[in-house]
Amino acid sequence: MLNTKLISKIFGSLLLIEALLMSCSLGVALYYGGSDVMPFTWSVVVLIAAGVAFRLLGLKASNALSRRDAYFVVTTVWVLFTIFGMMPFLIGGYLHSVTDAFFETIGAVIKFMISQCRHIVSEIA
């Protein structure tokens, strides 16, 4: 049985971290006066709302994370990050297809994860 309260708490924390990271892109857009300020602003607002909602669902959750819970969290977070990460593309009208936005975003997420894995492996070796 999955510990749904703890999983919700983790999802909320990770979505808030993604909102913080997307805020960096928003800051760059504001600094350079880019046309993508509003897509990033709305994406950050939606991420914060979703993150807070998940955190509230996970209030008073025990911190006992099983292996099954961990596998579920990792798998689902990849999908959640991709779904929320494709919002600026769609809101800004840069990509007109959900499929194009999904694959553009998942490509970036995978590239980032692989680069982090390589960094971790090089630190261990």
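**Helical architecture, core and pocket of the predicted model**

Ser43 is located in helix H2, where helices (H or I, at least four residues) and strands (E, at least two) are DSSP runs numbered from the N terminus. The structure is a predicted model, in which local features need pLDDT of at least 70 and side-chain atom pairs count only at pLDDT 80 or more, while totals for chains, interfaces and linings use all residues. Residues are numbered from 1 along each chain as its sequence is written, and side-chain values use heavy atoms, with hydrogens and water left out.

With a relative accessible area of 0%, Ser43 is buried; buried denotes under 20% relative accessible area, exposed over 50%, and partly exposed in between (1.4 Å probe, protein chains only). Residues up to four places away in sequence not being counted, Ser43 touches Met22, Met87, Pro88 and Ile91, a contact being defined by heavy atoms within 4.5 Å.

The protein chain contains five helices and zero strands, and its pattern along the sequence is α-α-α-α-α. The C-alpha trace spans about 45 × 40 × 30 Å along its principal axes. Of the 125 residues, 30% count as buried. Among contacts with a separation of 6 or more, 75% are accounted for by residues 24 or more positions apart. The chain averages a pLDDT of 89, and 95% of the residues score at least 70; pLDDT is the predictor's confidence in each residue, from 0 to 100. Among the elements, helix H2 (residues 37–57) has the highest mean pLDDT (95) and helix H5 (residues 98–124) the lowest (80). Where pLDDT is low, the predicted coordinates should not be read in detail.

The largest nonpolar core comprises 18 residues, of which Phe11, Leu15, Leu47 and Phe84 touch the most other members. Such a core is a set of buried Ala, Val, Leu, Ile, Met, Phe, Trp, Tyr and Cys residues joined through side-chain atoms within 4.5 Å. At least two residues of this core come from each of H1, H2 and H3, and H1 gives the most, with seven residues. Phe84 is in contact with Leu15, Glu18, Met22, Val46, Leu47 and Ala50, residues up to four places away in sequence not being counted.

The largest pocket holds about 590 Å³ of space. Pockets were identified on a 1 Å grid over the protein atoms alone, as open sets of points where a 1.4 Å probe fits, with protein on both sides within 12 Å along at least five of seven lines; lining residues have an atom within 4 Å of a point. The lining of the largest pocket numbers 18 residues, and Glu18, Leu21, Phe81, Gly85 and Val109 lie nearest its centre. Two or more lining residues are given by each of helix H1 (4–32), helix H3 (67–85), helix H4 (87–91) and H5. By class, the lining consists of 13 nonpolar, three polar and two charged residues.

Thr105 is placed in helix H5 and counts as buried, at 6% relative accessibility. Beyond residues up to four places away in sequence, Thr105 touches Phe81, Thr82, Gly85, Met86 and Phe89. Val98 also belongs to helix H5 and, its neighbours within four places in sequence aside, is in contact with Met86 and Leu90.

Lys60 is found in the loop between H2 and H3. Although not a glycine, Lys60 has a positive phi of about 60°. At 79% relative accessibility, Lys60 counts as exposed.

Technical notes. Points joined across faces, edges and corners; volume = space filled by probe spheres on them. Nonpolar A, V, L, I, M, F, W, Y, C, P; charged D, E, K, R; others polar.
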